[in-house]
Amino acid sequence: MSMTTATHTGKTDERAPRGHRTPRGPKASRSAARTALGRSWDKHWYAWAMVAPVAIVIAVLVLYPLGYGFYQSLTDANEANVATTIGAFHRPATYDFVGLDNYWHILSGADGDFYPRLAWTVIWTVSCVVLQVGLGMALAVLLNRKMHLRGFYRAMLILPWAVPSFIGVFAWRLMLNSQYGVFNEMLEAVGLPPQNWLGTPLFQKIAVIMVNVWIGIPFNMVALLGGLQSIPKELYEAAEMDGASPWQRFVNVTLPGLRPVSNTVILLGCIWTFNMFNVIYLLLGNNTSGDTDILVTFAFHKAFNGVSDYAGAATYGIVILALLLAFSTFYRRKTLKPEQA
(Lines give C-alpha, C1' and ligand atoms only; values in the text may rest on other atoms or scores of the structure.)
Protein backbone atom coordinates (compact mmCIF):
# COMPACT_ATOMS: atom_id res chain seq x y z
CA MET A 1 0.00 0.00 0.00
CA SER A 2 2.74 2.40 0.92
CA MET A 3 4.72 1.49 -2.23
CA THR A 4 1.66 2.11 -4.41
CA THR A 5 1.05 5.46 -2.78
CA ALA A 6 4.67 6.49 -3.22
CA THR A 7 4.66 5.43 -6.88
CA HIS A 8 1.39 7.23 -7.54
CA THR A 9 2.48 10.52 -6.05
CA GLY A 10 6.04 10.39 -7.28
CA LYS A 11 7.37 11.09 -3.77
CA THR A 12 8.81 8.97 -1.05
CA ASP A 13 7.83 9.19 2.57
CA GLU A 14 10.80 10.89 4.27
CA ARG A 15 9.14 11.48 7.59
CA ALA A 16 11.45 11.19 10.58
CA PRO A 17 11.19 8.15 12.81
CA ARG A 18 8.45 8.17 15.39
CA GLY A 19 9.52 9.89 18.63
CA HIS A 20 12.12 12.14 16.94
CA ARG A 21 11.40 15.81 16.38
CA THR A 22 13.55 18.24 14.40
CA PRO A 23 14.25 21.29 16.62
CA ARG A 24 12.80 24.49 15.28
CA GLY A 25 12.32 28.08 16.42
CA PRO A 26 14.22 30.21 18.97
CA LYS A 27 15.13 27.24 21.15
CA ALA A 28 16.94 25.60 18.23
CA SER A 29 18.80 28.85 17.46
CA ARG A 30 19.92 29.23 21.08
CA SER A 31 21.01 25.61 21.18
CA ALA A 32 23.03 26.02 17.97
CA ALA A 33 24.62 29.21 19.31
CA ARG A 34 25.59 27.46 22.56
CA THR A 35 27.06 24.60 20.57
CA ALA A 36 29.06 26.97 18.36
CA LEU A 37 30.27 28.88 21.42
CA GLY A 38 31.29 25.64 23.08
CA ARG A 39 33.27 24.55 20.01
CA SER A 40 34.94 27.97 19.88
CA TRP A 41 35.88 27.74 23.56
CA ASP A 42 37.28 24.21 23.15
CA LYS A 43 39.36 25.28 20.18
CA HIS A 44 40.43 28.81 21.24
CA TRP A 45 40.26 28.67 25.06
CA TYR A 46 43.80 30.03 25.37
CA ALA A 47 42.97 33.08 23.25
CA TRP A 48 39.81 33.71 25.29
CA ALA A 49 41.81 33.45 28.50
CA MET A 50 44.40 35.94 27.24
CA VAL A 51 41.77 38.42 26.05
CA ALA A 52 39.64 38.23 29.20
CA PRO A 53 41.84 40.48 31.44
CA VAL A 54 42.00 43.17 28.76
CA ALA A 55 38.25 42.99 28.23
CA ILE A 56 37.64 43.30 31.97
CA VAL A 57 39.95 46.32 32.26
CA ILE A 58 38.30 48.02 29.28
CA ALA A 59 34.85 47.33 30.71
CA VAL A 60 35.79 48.76 34.11
CA LEU A 61 37.83 51.76 32.96
CA VAL A 62 36.02 52.68 29.71
CA LEU A 63 32.61 51.11 29.24
CA TYR A 64 31.28 51.60 32.76
CA PRO A 65 32.31 55.31 33.01
CA LEU A 66 30.96 55.89 29.52
CA GLY A 67 27.63 54.27 30.34
CA TYR A 68 27.35 56.08 33.66
CA GLY A 69 28.24 59.38 32.00
CA PHE A 70 25.55 58.86 29.39
CA TYR A 71 23.05 58.13 32.16
CA GLN A 72 24.03 61.30 34.01
CA SER A 73 23.64 63.32 30.82
CA LEU A 74 19.96 62.36 30.87
CA THR A 75 19.47 63.83 34.37
CA ASP A 76 19.84 67.20 36.07
CA ALA A 77 22.51 65.96 38.50
CA ASN A 78 24.69 68.59 40.14
CA GLU A 79 26.60 69.10 43.36
CA ALA A 80 23.44 70.07 45.24
CA ASN A 81 21.27 67.06 44.45
CA VAL A 82 23.59 64.05 44.16
CA ALA A 83 23.97 61.54 46.98
CA THR A 84 26.48 62.66 49.62
CA THR A 85 27.92 61.00 52.70
CA ILE A 86 29.75 63.13 55.28
CA GLY A 87 30.62 61.12 58.37
CA ALA A 88 27.38 59.73 59.79
CA PHE A 89 25.27 62.04 57.66
CA HIS A 90 23.92 60.68 54.38
CA ARG A 91 21.93 62.69 51.89
CA PRO A 92 20.13 60.67 49.21
CA ALA A 93 20.14 61.71 45.58
CA THR A 94 17.28 64.00 44.55
CA TYR A 95 18.08 64.65 40.90
CA ASP A 96 15.48 63.92 38.24
CA PHE A 97 15.48 62.24 34.85
CA VAL A 98 15.15 64.92 32.15
CA GLY A 99 15.74 62.91 28.99
CA LEU A 100 17.37 64.80 26.12
CA ASP A 101 16.84 68.27 27.61
CA ASN A 102 20.56 68.72 28.30
CA TYR A 103 21.45 67.90 24.70
CA TRP A 104 18.81 70.29 23.39
CA HIS A 105 20.03 72.99 25.76
CA ILE A 106 23.57 72.66 24.40
CA LEU A 107 22.93 72.08 20.70
CA SER A 108 20.25 74.78 20.43
CA GLY A 109 22.77 77.35 21.67
CA ALA A 110 20.68 78.21 24.72
CA ASP A 111 23.68 78.04 27.04
CA GLY A 112 25.70 80.41 24.83
CA ASP A 113 28.92 78.45 25.44
CA PHE A 114 28.91 75.45 23.15
CA TYR A 115 29.33 77.00 19.71
CA PRO A 116 32.03 79.55 20.66
CA ARG A 117 33.97 76.74 22.36
CA LEU A 118 33.40 74.45 19.36
CA ALA A 119 34.66 77.12 16.94
CA TRP A 120 37.84 77.65 18.95
CA THR A 121 38.31 73.88 19.34
CA VAL A 122 38.16 73.43 15.55
CA ILE A 123 40.59 76.33 14.99
CA TRP A 124 42.92 74.94 17.65
CA THR A 125 42.78 71.42 16.18
CA VAL A 126 43.33 72.47 12.56
CA SER A 127 46.16 74.88 13.44
CA CYS A 128 48.00 72.35 15.57
CA VAL A 129 47.60 69.41 13.18
CA VAL A 130 48.64 71.43 10.11
CA LEU A 131 51.77 72.73 11.85
CA GLN A 132 52.62 69.37 13.42
CA VAL A 133 52.27 67.43 10.17
CA GLY A 134 53.95 70.13 8.07
CA LEU A 135 56.96 70.59 10.34
CA GLY A 136 57.15 66.87 11.05
CA MET A 137 57.23 66.11 7.33
CA ALA A 138 59.91 68.76 6.71
CA LEU A 139 62.11 67.28 9.44
CA ALA A 140 61.44 63.74 8.21
CA VAL A 141 62.50 64.64 4.66
CA LEU A 142 65.61 66.35 6.03
CA LEU A 143 66.61 63.44 8.26
CA ASN A 144 65.94 60.91 5.51
CA ARG A 145 68.98 62.23 3.65
CA LYS A 146 72.57 61.24 4.29
CA MET A 147 74.15 63.75 6.65
CA HIS A 148 76.66 63.91 9.47
CA LEU A 149 75.36 63.23 12.99
CA ARG A 150 71.96 62.17 11.63
CA GLY A 151 71.39 59.81 14.57
CA PHE A 152 72.16 62.57 17.06
CA TYR A 153 69.69 64.94 15.39
CA ARG A 154 67.01 62.27 15.39
CA ALA A 155 67.53 61.62 19.11
CA MET A 156 67.36 65.34 19.94
CA LEU A 157 64.19 65.83 17.91
CA ILE A 158 62.52 62.81 19.53
CA LEU A 159 63.35 64.15 23.01
CA PRO A 160 60.15 66.27 23.39
CA TRP A 161 58.15 63.10 22.74
CA ALA A 162 60.14 61.07 25.27
CA VAL A 163 59.78 63.67 28.04
CA PRO A 164 56.43 63.46 29.91
CA SER A 165 54.11 66.13 28.58
CA PHE A 166 53.49 67.78 31.93
CA ILE A 167 57.23 68.40 32.37
CA GLY A 168 57.43 69.99 28.95
CA VAL A 169 54.37 72.15 29.65
CA PHE A 170 55.81 73.38 32.95
CA ALA A 171 59.10 74.22 31.23
CA TRP A 172 57.21 76.26 28.63
CA ARG A 173 55.26 77.94 31.42
CA LEU A 174 58.51 79.19 32.90
CA MET A 175 59.80 80.36 29.52
CA LEU A 176 56.56 82.25 28.85
CA ASN A 177 56.51 83.95 32.25
CA SER A 178 55.77 87.66 31.78
CA GLN A 179 58.49 88.81 34.21
CA TYR A 180 61.31 86.29 34.05
CA GLY A 181 60.57 84.28 30.90
CA VAL A 182 63.15 83.86 28.18
CA PHE A 183 60.64 84.79 25.45
CA ASN A 184 60.16 88.31 26.78
CA GLU A 185 63.90 88.70 27.20
CA MET A 186 64.33 87.78 23.53
CA LEU A 187 61.68 90.33 22.54
CA GLU A 188 63.34 93.04 24.58
CA ALA A 189 66.73 92.15 23.09
CA VAL A 190 65.44 93.00 19.59
CA GLY A 191 63.63 96.14 20.77
CA LEU A 192 60.08 94.75 20.98
CA PRO A 193 57.84 95.21 24.02
CA PRO A 194 57.33 92.21 26.34
CA GLN A 195 54.02 90.41 26.18
CA ASN A 196 51.77 88.87 28.80
CA TRP A 197 51.79 85.43 27.17
CA LEU A 198 49.68 83.71 29.80
CA GLY A 199 47.43 86.63 30.77
CA THR A 200 45.56 87.81 27.67
CA PRO A 201 43.24 85.65 25.51
CA LEU A 202 45.07 86.24 22.21
CA PHE A 203 48.53 85.40 23.52
CA GLN A 204 47.13 82.52 25.55
CA LYS A 205 45.88 80.97 22.30
CA ILE A 206 49.23 81.54 20.60
CA ALA A 207 51.05 80.04 23.58
CA VAL A 208 48.97 76.85 23.79
CA ILE A 209 49.33 76.28 20.03
CA MET A 210 53.11 76.70 20.24
CA VAL A 211 53.40 74.26 23.14
CA ASN A 212 51.14 71.64 21.59
CA VAL A 213 52.96 71.83 18.25
CA TRP A 214 56.29 71.40 20.02
CA ILE A 215 54.97 68.30 21.82
CA GLY A 216 53.39 66.77 18.71
CA ILE A 217 56.15 67.25 16.12
CA PRO A 218 58.30 64.24 17.18
CA PHE A 219 55.51 61.69 16.69
CA ASN A 220 54.71 63.06 13.24
CA MET A 221 58.38 63.13 12.30
CA VAL A 222 58.99 59.51 13.37
CA ALA A 223 55.84 58.20 11.67
CA LEU A 224 56.48 60.07 8.42
CA LEU A 225 60.16 59.14 8.45
CA GLY A 226 59.15 55.50 8.59
CA GLY A 227 56.80 56.09 5.68
CA LEU A 228 59.56 57.78 3.66
CA GLN A 229 61.91 54.85 4.18
CA SER A 230 59.26 52.45 2.88
CA ILE A 231 59.01 54.22 -0.50
CA PRO A 232 61.08 52.34 -3.14
CA LYS A 233 64.14 54.30 -4.25
CA GLU A 234 63.57 53.10 -7.80
CA LEU A 235 60.61 55.48 -8.07
CA TYR A 236 62.84 58.46 -7.33
CA GLU A 237 65.49 57.21 -9.77
CA ALA A 238 62.90 56.78 -12.52
CA ALA A 239 61.44 60.23 -11.87
CA GLU A 240 64.92 61.79 -11.93
CA MET A 241 65.72 60.06 -15.20
CA ASP A 242 62.49 61.50 -16.65
CA GLY A 243 63.74 64.97 -15.75
CA ALA A 244 61.48 65.62 -12.76
CA SER A 245 62.57 68.45 -10.48
CA PRO A 246 62.92 67.92 -6.69
CA TRP A 247 59.53 69.56 -6.14
CA GLN A 248 57.91 67.36 -8.78
CA ARG A 249 59.44 64.26 -7.20
CA PHE A 250 58.09 65.37 -3.82
CA VAL A 251 54.58 65.99 -5.15
CA ASN A 252 54.30 62.99 -7.46
CA VAL A 253 56.34 60.37 -5.59
CA THR A 254 56.74 61.31 -1.92
CA LEU A 255 53.23 62.52 -1.12
CA PRO A 256 51.41 59.59 -2.81
CA GLY A 257 53.82 57.15 -1.16
CA LEU A 258 53.16 58.71 2.24
CA ARG A 259 49.37 58.71 1.87
CA PRO A 260 48.68 55.55 3.94
CA VAL A 261 50.88 56.84 6.78
CA SER A 262 49.88 60.50 6.57
CA ASN A 263 46.16 59.71 6.57
CA THR A 264 46.53 57.78 9.80
CA VAL A 265 48.79 60.42 11.35
CA ILE A 266 46.33 63.19 10.52
CA LEU A 267 43.38 61.23 11.93
CA LEU A 268 45.20 60.45 15.18
CA GLY A 269 46.45 64.03 15.42
CA CYS A 270 42.92 65.41 15.07
CA ILE A 271 41.54 63.07 17.75
CA TRP A 272 44.38 63.72 20.20
CA THR A 273 44.41 67.48 19.67
CA PHE A 274 40.63 67.77 19.90
CA ASN A 275 40.87 66.20 23.36
CA MET A 276 44.23 67.72 24.41
CA PHE A 277 43.34 68.59 27.97
CA ASN A 278 46.72 68.65 29.69
CA VAL A 279 48.42 71.32 27.57
CA ILE A 280 45.73 73.96 28.06
CA TYR A 281 44.97 73.14 31.68
CA LEU A 282 48.57 72.80 32.87
CA LEU A 283 49.80 75.84 30.96
CA LEU A 284 46.97 78.19 31.90
CA GLY A 285 45.24 76.58 34.89
CA ASN A 286 42.34 78.78 36.01
CA ASN A 287 44.05 81.87 34.60
CA THR A 288 41.62 82.13 31.70
CA SER A 289 38.38 83.93 30.98
CA GLY A 290 37.08 80.90 29.09
CA ASP A 291 38.07 82.10 25.62
CA THR A 292 41.00 79.67 25.54
CA ASP A 293 39.00 76.68 26.77
CA ILE A 294 38.33 73.96 24.24
CA LEU A 295 35.32 71.68 24.70
CA VAL A 296 37.07 69.18 26.95
CA THR A 297 38.56 71.77 29.31
CA PHE A 298 35.24 73.62 29.41
CA ALA A 299 33.51 70.38 30.42
CA PHE A 300 36.10 69.91 33.15
CA HIS A 301 35.41 73.40 34.52
CA LYS A 302 31.67 72.68 34.53
CA ALA A 303 32.25 69.53 36.57
CA PHE A 304 34.74 70.85 39.11
CA ASN A 305 34.48 74.65 39.34
CA GLY A 306 31.82 76.49 41.33
CA VAL A 307 28.62 74.50 41.76
CA SER A 308 29.55 71.31 39.92
CA ASP A 309 27.23 70.61 37.01
CA TYR A 310 27.76 66.88 36.57
CA ALA A 311 24.95 66.44 34.07
CA GLY A 312 26.18 69.31 31.91
CA ALA A 313 29.76 68.02 31.95
CA ALA A 314 28.60 64.50 31.07
CA THR A 315 26.54 65.88 28.20
CA TYR A 316 29.56 67.72 26.84
CA GLY A 317 31.55 64.50 27.07
CA ILE A 318 28.99 62.52 25.08
CA VAL A 319 28.73 65.30 22.48
CA ILE A 320 32.53 65.34 22.10
CA LEU A 321 32.50 61.57 21.61
CA ALA A 322 29.74 61.83 19.00
CA LEU A 323 31.63 64.57 17.12
CA LEU A 324 34.83 62.53 17.02
CA LEU A 325 33.01 59.38 15.90
CA ALA A 326 31.27 61.29 13.11
CA PHE A 327 34.52 62.92 11.99
CA SER A 328 36.46 59.63 12.10
CA THR A 329 33.81 57.82 10.05
CA PHE A 330 33.63 60.61 7.46
CA TYR A 331 37.42 60.93 7.25
CA ARG A 332 38.02 57.22 6.81
CA ARG A 333 35.41 56.96 4.08
CA LYS A 334 36.98 59.87 2.22
CA THR A 335 40.53 58.56 2.52
CA LEU A 336 39.81 54.86 1.99
CA LYS A 337 38.97 55.25 -1.70
CA PRO A 338 42.28 56.92 -2.69
CA GLU A 339 44.21 54.30 -0.67
CA GLN A 340 42.41 51.46 -2.46
CA ALA A 341 42.97 53.10 -5.84
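Because the model is predicted, local features are given only where pLDDT is at least 70 and side-chain atom pairs only at pLDDT 80 or more, whereas totals for chains, interfaces and linings use all residues. Residues are numbered from 1 along each chain as its sequence is written, and side-chain values use heavy atoms, with hydrogens and water left out.

A reader may begin with helix α2, which covers residues 25-73; helices here are DSSP runs of H or I with at least four residues, numbered from the N terminus. L61 belongs to helix α2 and is exposed, its relative accessible area being 62%, where exposed means over 50%, buried under 20%, and partly exposed in between, with a 1.4 Å probe and protein chains only. L61 is also one of the residues of a nonpolar surface patch formed together with V54, I56, V57, I58, V60, V62 and L63, with about 750 Å² of accessible area together. Such a patch is made of residues with over 30% relative accessible area and no salt bridge, nonpolar side chains (Val, Leu, Ile, Met, Phe, Trp, Tyr) being joined within 5 Å and like charges within 9 Å, and the areas come from the Shrake-Rupley method with a 1.4 Å probe, for which only the protein chains shown count as cover for residues.

Two helix pairs come next. Helix α4 (residues 114-143) packs with helix α10 (residues 246-274) at an angle of about 140°, the axes being 10 Å apart; axes are lines fitted to C-alpha atoms over the stretch in contact, and angles run from 0 to 180 degrees between N-to-C directions. The pair α4 and α10 is therefore oblique, a word for the angles left over when those under 35 degrees count as roughly parallel, over 145 as roughly antiparallel and 65 to 115 as roughly perpendicular. For helix α8 (residues 201-229) and helix α11 (residues 277-284), the axes come within 10 Å and cross at roughly 130°, so α8 and α11 are likewise oblique to each other.

Helix α10 also holds R249, which counts as buried because its relative accessibility is 19%. R249 and L235 are 14 residues apart in sequence, and their C-alpha atoms are 8.9 Å apart in space. In helix α13 (residues 310-340) one finds S328, which at 17% relative accessibility counts as buried; the C-alpha atoms of S328 and L267 are separated by 7.1 Å, although the two residues are 61 apart along the chain. E185, in helix α7 (residues 182-189), is partly exposed with a relative accessible area of 48%, and its C-alpha atom is 9.6 Å from that of M175, 10 residues apart in sequence.

Side chains of opposite charge can pair when their charged atoms come close. With a salt bridge taken as a side-chain nitrogen of Lys or Arg within 4 Å of a carboxyl oxygen of Asp or Glu, the count comes to one. The side chains of K302 and D309 meet in a salt bridge at 3.5 Å, N to O; K302 is partly exposed at 22% relative accessible area, and D309 is partly exposed at 25%.
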